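Biologist: I am new to this structure. Please take me through one part closely, then connect that part to the rest.

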Amino acid sequence: MERRYEIRLSGYGGQGLILIGIILAEAVGLYEGKQVVQTQSYGPEARGGASRSELVVSDQEIDYPKPLGLDLLLAMNQQSLNLYCGDVKEGGIVVADSTFCDQFPVSRVVKIPFTRLAREQLGREIVANIMALGAVGAVSGIVGFESLKKAVLNRVPKGTEDLNLKALQMGWKLGEKAKRELVKEGREEYIISAEEL
Amino acid sequence: MAKVEKLLQGNEAVVEGAIAAGCRFYAGYPITPSTEIAERMAWRLPQVGGIFIQMEDELASIAAVIGASLAGAKAMTATSGPGFSLMQENIGFACEAEVPCVVVDVMRGGPSTGLPTMPSQGDVMQARWGTHGDHPVIVLSASSVPECFWMTVRAFNLSEKYRTPVILLLDEVVGHMREKVVLPDPKDVEVVDRPRPTMPPEWYIPYADTPSGVPPMAPFGEGYRYHVTGLIHDVRGFPTSRPDEIGPFMERLFRKISANFPEIHLSEEFETSDAEVVVIAYGCVARSAKRAVKEARERGIKAGLLKLLTLWPFERPAVERLAEKAKVLLVPEMNMGQISREVKRVNQGRSRVVTLNKVDGTLITPGEIVEKMEEALG
């Protein structure tokens, strides 16, 4: 059976989760040469409601296109974390936006206040998703920074490149740090606060 | 233009396939989960000198497609269940008047407005029998983004070759999923064009029989004048109630398809050579089934997969051959049993047909299929 790495990006509709799913899929698929399937599910509403985007990544042909057991869950709000934490497989990891999550019913978790950092450090909440993408990329280890950068630049609107790259870089650094600490210390959780920056 | 690799949705790959096949006219009314087809067509068609028009509804959409095709354009529309229902009457018209066109139905949960954003395979029988009257039909399916491209090309080619509407059935999972797809250089895509008259206009008999059963088709506006109607017509296209004209017309309408089943049928087999249980699946479920076969093999179950890419005319020869050897034919579907009825009809007691039906808006999982295999084999 092929080895799969499975990711779910979840939160409210409007947080840009489907977009970062596409960017991540382009980065690993087109720039890293891996096989990838990206799917999404959303309600009939245009905004609000639950939204999620999922990726299956492999070196071989991917048959079943949806996740079977998550290696990584990104939860951008408490509701998604509660709903999906049970789908994370043993040894899997959760990356949570601690701006909106304060209860963590999971064992391995990286807590980063993406939305707060985006607002306070970059002046725009709207790039919280790109910051989360950076962190997810670094924590997962399935994609290089340069591929991610290229994919972001292909998808974001003209004039917002610098802002988005700053957010991506910030997220990537935090994700790398969190991963290092988790591995080195054998810790179960890693909390990043805004004050650390 | 050289070949290029892209990450596209199944719906977007449909558009690229259509354009590669020569489609230059799209009329449609947006509906989830097919809307990306209209969106991308609106962007792509003007780039290649084609025409995109958003119509007031699905009845008008298919009517405009038929008109464009009569004028010589390769034309298509796309919709989902509710819109597909509205198109049925004119799909019959296209069949009767022998107007090539492609209709993509990205299936969502039904009946009625049902589940707009969730997958289903509920329209398989509607694609076969949705329009009234006895008629032949060609229905294709796809289970990946590259297949969306190539099955759309194939839909146009079959439609042109046999002068018949061809329906491509996708589902929400396949339509919305993104995968890598290599878009070929257009010159590497085999494109079939409708047969055209070689005689001068005054000698043209629009519905005269030919060895293939497909009469040459003249585009309107080039001097070939003829009558087009949904009424049963004589060889000149005018309504007839003479049994000696009706009979041959209907016979030819069926013959042009039925004489070519081997060319129209398309399926793929995986691990079927020694299979005791053969899963027969199509669309998104075929992917679950492929994984289920691998998982079952790891557990020592001799499992195989027949993936249907042509749904109608039904793939009788392959199913008959597999039914001879297998103990169980397992048909997982996201409906209450539509293709499984065909499998039972063809099986004729050779093997045991077991169904797995799921209609809760979620994709059948590999685990559910493996469980059913174990149960069926005892």
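How many bridges join β10(B) to strand β12 of chain B, and do they run parallel or antiparallel?

Modeller: This is a predicted model. Start with the pair you ask about. Four bridges join β10(B) to strand β12 (residues 303-308) of chain B, and the two run antiparallel. One place to look is B:Glu268, which stands opposite B:Lys307 in β12(B).

Now widen the view to the sheet. Five strands of chain B form an open sheet, in the order β10-β12-β11-β14-β15. The pairing in this sheet is mixed. β10 (267-270) and β15 (352-357) of chain B stand at the edges, each with a single partner strand, so one side of each has no neighbour in the sheet. On average, neighbouring strands here are turned by 20° against each other, direction ignored.

Two helices come next. Helix α12 (residues 339-347) of chain B lies across β11 (277-281), β14 (328-333) and β15 of chain B. Helix α12 of chain B runs at about 160° to β14(B). Helix α13 (residues 366-377) of chain B packs on the sheet as well. Helix α13 touches β11, β12, β14 and β15 of chain B, and its direction makes about 150° with that of β14(B).

Step back to the domains. Chain B is divided into domain 1 (4-188) and domain 2 (267-377). The centres of these two domains of chain B, taken over C-alpha atoms, are separated by 26 Å. Their contact takes 23 residues from domain 1 of chain B and 20 residues from domain 2 of chain B. On the domain 1 side, several elements of chain B each supply at least two residues: β6 (115-119), α5 (124-129), β7 (138-141), β8 (165-171) and α7 (172-176). That side of domain 1 of chain B divides into 15 nonpolar, six polar and two charged residues.

The largest one has 171 residues. Those with the most contacts inside it are A:Val95, A:Met131, B:Met76, B:Leu168, B:Val279 and B:Leu329. Helix α6 (residues 145-162) of chain B gives the most to this core, with ten residues. Domain 1 (4-188) and domain 2 (267-377) of chain B both give residues to this core, so the core lies between them. Leaving aside neighbours within four places in sequence, A:Met131 is in contact with A:Phe114, A:Leu117, A:Ala118, A:Ala167, A:Leu168, A:Met170 and A:Gly171.

Next, the two chains together. 18 residues of chain A are in contact with 18 residues of chain B. α1 (17-31) and β2 (35-42) of chain A each supply at least two residues of the side of chain A that touches chain B. β2(A) gives the most to that side, with six residues. By class, that side of chain A has ten nonpolar, five polar and three charged residues.

Strands also pair across the two chains. β2(A) and strand β9 (residues 178-183) of chain B pair in the antiparallel sense over two bridges. A:Gln38 stands opposite B:Arg178 in β9(B). This pair sits inside an open sheet of nine strands, in the order β7(A)-β6(A)-β5(A)-β4(A)-β1(A)-β3(A)-β2(A)-β9(B)-β1(B). The pairing is mixed here. The edge strands are β7 (189-191) of chain A and β1 (4-9) of chain B, and each pairs on one side only. Neighbouring strands of the nine-strand sheet are turned by 20° against each other on average, direction ignored. α1(A) packs on this sheet, touching β1 (4-12), β2 and β3 (50-58) of chain A together with β1 and β9 of chain B. The direction of α1(A) makes about 10° with that of β3(A).

Strand β4 (residues 70-75) of chain A and strand β5 (residues 88-97) of chain A pair in the parallel sense over five bridges. A:Leu72 stands opposite A:Ile93 in β5(A). β5(A) and β6(A) pair in the parallel sense over four bridges. There, the bridge partner of A:Val94 is A:Val109 in β6(A). β6(A) and β7(A) also pair in the parallel sense, over three bridges. A:Val109 stands opposite A:Glu189 in β7(A). Both faces of strand β6 (residues 109-112) of chain A are covered. A:Val109 and A:Lys111 on one side, and A:Val110 and A:Ile112 on the other, are all buried.

Key. Residues numbered from 1 in each chain as written. Chains lettered and ligands numbered in written order. Predicted model: local features only at pLDDT ≥ 70, side-chain atom pairs only at ≥ 80, totals over all residues. Contact = placed C-beta atoms within 7 Å. Nonpolar A, V, L, I, M, F, W, Y, C, P; charged D, E, K, R; others polar. Pairing = 2+ DSSP bridges. Core = buried A, V, L, I, M, F, W, Y, C linked by C-beta atoms within 7 Å. Buried ≥ 20, exposed ≤ 12 C-beta atoms within 10 Å, placed from the backbone. Domains from an automatic or database assignment. Axes fitted to C-alpha atoms, helices over the stretch in contact; angles between N-to-C directions.
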